[in-house]
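Welcome! Take a moment to look through the sequence and the 3D structure, and then we will walk through some of its strands and its nonpolar cores together.

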Amino acid sequence: MLERTSDPHEENAATGTAVMPSAVSAAGGMPFDLAAPADIATNRKNMALLVQLRWIAVIGQIATIGFVQFWMGVALPLLPLGAVISGLVALNVVSLLWLRYRADINNRELLVALALDVAALTALLYLSGGATNPFTSLYLLQVTLGAVLLDAPSTWSLVALVCMNFAWLTSYYRPLELPQQGFADAFNLYIAGTFIGLVLDAVLLVVFMTRINRNLRDRDLRLAALRQHATEQDHIVRIGLLASGAAHELGTPLASLSVILGDWRRMPALASDPELSQDLGEMEISVQRCKSIVTGILLSAGEARGEGSSPTTVAAFLTALVEEWRTTRPSATLYFRNAFGTDLAIVSDIALKQAIFNVLDNAAEVSRDWIELMAERNADKLVLSVTDRGPGFSREMLAHIGKPYQSTKGSPGSGLGLFLVVNVVRKLGGVVTARNRPDIGAAVKLELPLSTLAIGDPLDG
């Protein structure tokens, strides 16, 4: 059963709402490799960050070349430098198209992108003084990004590439010819350039490492959610095994009780006593309810949909469901409002019926005098809302609704009611939400796509 808090003052706790999203598929399946989808999405974001960094580099290189050439009066090979920068622009355009049309980005492709950036930086340094250029410190930016984005072998490969390029630049480069006037102290000029390079390294590292770390945290959150979902599926399997064993164990004694009660009702001595006849009737209802609960748990825990299903309509399904619930819970007052509109042919689903029973039972525990079930249609969805006038959900329950073994009663095995409800609705491709009402009580809403319930293709109207 669903559990509620007994404190009436918690009913308005920030008027919170808990949402359980639909599964990826109606079968509620899990990916075989939990890490792969999250890594792919993270790699795409990181590749996009490398593209942005490359645009910043292109703008910075153009500004630096213009400053050195026209303000400092240092003669630079503008055509070769322009060719290298044009290559970076072309690489960025290709990378953007790649990101747009390619589904996945892997570690090797990130390594290639960083290696091309290192090659472009080496070409620019070769044309502007080689290892004597103070902007060689920008190599550290590429190495640091590689250490964060790549696996260990790829990172060391990038380190080796950077070291070889730097060593090559110590011997092979085009020297800069500084004008004699105004630049007598070349060492101070080198220190100034080194300082500028250090500032660029620090600023770019802080900006992009912050964003990369955010991407990695998002990936970890997605992985945690996938692992949680896998754990819940494991709970469902165990519940199914437990329910199967319980069904086998309880089937025989329940059948025996049903037969004995039927025999007792036909005995003249018992049939003539109105009190005993009423007690026998209640006992038979209780036995039937026990059978229904065991069957419902079996279906909710993963039995194939379709067993015990039959053609019906939305109105007929809900009317029969309400009548059955009222019959087995005579002490509760249930109001039913059908605002669905034009009736629709659907398949009667036993697991869905048991899920709705679970929600109604929970409401009856805290609001026996008034429970409302309302059916509405929202575009192509069947929306079922169960409201009550009880104390509402506690803030902790709203935060963990849909998780197994979340209960305020503290009894072993409790807190599975809404967990099973969420599982059933998820398998049908729907969504379950729970919230506290502004005045008093709580509301649980089940939204189900009619395409998974309807017969044929009747959704045009």
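Here is a short briefing on one strand, its partners and the cores. Keep in mind that this is a predicted model.

**Partners of β6**

- Strand β5, residues 371–378, pairs with β6 in the antiparallel sense over eight bridges.
- In this pairing, Glu376 stands opposite Val383 of β6.
- Two residues lie between β5 and β6, and the two strands form a hairpin. In the turn, Ala379 has a positive phi of about 60°.
- Strand β8, residues 442–449, also runs antiparallel to β6, and seven bridges join them.

**The nonpolar cores**

- The largest nonpolar core has 44 residues, and Leu360, Ile371 and Leu446 touch the most other members.
- Elements that each supply at least two residues of this core include β5, β6, β8 and the helix α10 (350–366).
- With nine residues, α10 gives the most to this core.
- A second, separate core has 30 residues, among them Ile105, Leu111, Leu114 and Leu138.
- In soluble globular proteins, nonpolar side chains tend to be buried together.

**A closer look at Ile371**

- Leaving aside residues up to four places away in sequence, Ile371 touches several residues, including Trp325, Tyr335, Leu360, Val386 and Thr387.

Key:
Residues are numbered from 1 along each chain as its sequence is written. This is a predicted model: local features need pLDDT of at least 70, side-chain atom pairs count only at pLDDT 80 or more; totals for chains, interfaces and linings use all residues. Side-chain values use heavy atoms; hydrogens and water are left out. Two strands pair if DSSP finds at least two bridges between them. Helices (H or I, at least four residues) and strands (E, at least two) are DSSP runs, numbered from the N terminus. A nonpolar core is a set of buried Ala, Val, Leu, Ile, Met, Phe, Trp, Tyr and Cys residues joined through side-chain atoms within 4.5 Å. Buried means under 20% relative accessible area, exposed over 50%, partly exposed in between (1.4 Å probe, protein chains only). Contact means heavy atoms within 4.5 Å.
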